[in-house]
Amino acid sequence: MSWIDDPEFTADAPFGPQTLPYGVLPGGVAVRVGDQALLLRGLALGERLEPLAATGTLDALLAAGRPAWSELRARLVEIVSATSAPRGAELVALDGAVLPFTVADYVDFYSSRHHAENVGRIFRPDGEALLPNWTHLPIGYHGRAGTVVVSGTPVVRPHGQRRSSSGPVFGPTGRLDIEAEVGFVCGGPVASRLTPSQAADHVFGVALVNDWSARDIQAWEYQPLGPFLAKSFATSVSAWITPLEAFAVARVSPPPMGHDLLPYLVEERSWGLDIDLEVEWNGTVVSRPPFREMSWTFAQQLAHLSVNGATVRPGDLIASGTVSGPARDQRGSFLELSWGGQERVALGDGERTFLEDGDTVRITATAPGEGGSVVGLAEVVGTIAPARER
């Protein structure tokens with residue numbers, strides 16, 4: 001029996017002792033324990049670890065690297081599993097969580113074959129659904145680190161150019177969308193030319209991501225260089241980062257690509273993950289995307305990202321791209337659910353094709369943990385605010 005008296009701090013609950021995600025509250029760095037948080041300041045963590053927990057961000061911990069991450073996690077498991085509270089232990093509410101780390105670079109990939117084929121059919125109905133390079137390399141683009149925001153931050157409807165029958169027009173997007181994704185927070189020493197087997201030592205933890213998208217702006221601007229204003233206005237990330245170590249038994253092999261990969265992308269043991277996402281739109285569950293259907297893993301993404309000499313550094317955020325499965329109720333974007341706006345999505349408060357002002361989207365996820373436990377990823381939530389006057 002743990003000294004932590006919380007009905008949600010059990011092995012069959014998402015945020016029990018098997019999970020222990022890190023976040024930052026007004027009182028400093030903390031780990032989530034059920035529906036509460038344990039502040040790390042004041043705990044006897046040892047001379048090596050205490051300075052990593054003494055600041056107001058996870059930045060120092062990210063830079064410390066895998067040995068320190070493993071040591072701290074083992075010490076925290078020991079602390080939360082004790083029958084009596086250790087000296088200096090302080091449990092606090094989850095309120096007031098902030099973006100827990102400084103985002104260095106943000107890269108968004110495009111790793112779901114189902115999503116890529118769906119979007120190809122919607123945007124290019126007369127062309128090939130999947131472009132020929134997609135099965136040979138993890139497609140990605142560089143986003144804006146400065147517009148990554150913590151879960152709960154309102155998302156202001158963006159302006160941009162859109163196509164019309166009389167030429168381009170400017171104004172607020174009328175096709176505001178989500179992208180349900182899984183993000184990987186990087187850490188450890190700055191490195192380049194990583195192999196897939198080295199990648200895990202440069203990933204601190206996992207978080208849910210919603211890469212908000214303006215589809216009418218995207219349709220006009222994305223050729224030839226890909227999305228720009230359609231994606232750069234806001235990317236929401238969970239306030240709590242679940243350590244990669246918590247996913248040890250959730251590893252799976254991704255779907256076969258159908259041909260051999262170039263050697264630098266071949267994994268000795270795959271880092272596909274068996275994570276189940278759930279998307280709520282104004283309180284109605286509209287989709288349950290399966291992350292195990294993703295064709296490219298974070299290890300392959302980091303290997304590809306760095307093969308040209310580009311560096312991976314602490315604070316880099318690597319997003320998977322929209323998670324979609326083969327079924328209609330497994331699609332991770334409203335572009336797909338509404339099939340480009342042609343099919344309305346039934347909600348408890350009416351029907352929609354794309355997001356309206358005041359709409360709220362909540363994404364949650366779980367994965368299998370050791371001994372039949374459940375590993376949680378903290379929710380990512382956002383509510384749409386009206387476009388601002390220019």
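Colleague: In which sense do strand β3 and β4 pair, and over how many bridges?

Modeller: Strands here are DSSP runs of E with at least two residues, helices are runs of H or I with at least four, both numbered from the N terminus, and two strands pair if DSSP finds at least two bridges between them. Strand β3 (residues 36–39) and β4 pair in the antiparallel sense, over two bridges, with Ala 37 opposite Val 92 in β4. This is a predicted model, in which local features need pLDDT of at least 70 and side-chain atom pairs count only at pLDDT 80 or more, whereas totals for chains, interfaces and linings use all residues. Residues are numbered from 1 along each chain as its sequence is written, and side-chain values use heavy atoms, leaving out hydrogens and water.

Colleague: In what order do the four strands lie in the sheet, and which are the edge strands?

Modeller: The open sheet has the order β1-β2-β3-β4 with antiparallel pairing, and its edge strands, β1 (22–25) and β4 (91–92), each pair on one side only.

Colleague: How many residues lie between β2 and β3 in their hairpin?

Modeller: Two residues lie between them, and Gly 34 in the turn has a positive phi of about 65°; four bridges join this antiparallel pair, and Val 33 stands opposite Gln 36 in β3.

Colleague: How many residues of β2 are buried?

Modeller: Buried means under 20% relative accessible area, exposed over 50% and partly exposed in between, with a 1.4 Å probe and protein chains only; by that criterion six of the six residues of β2 are buried.
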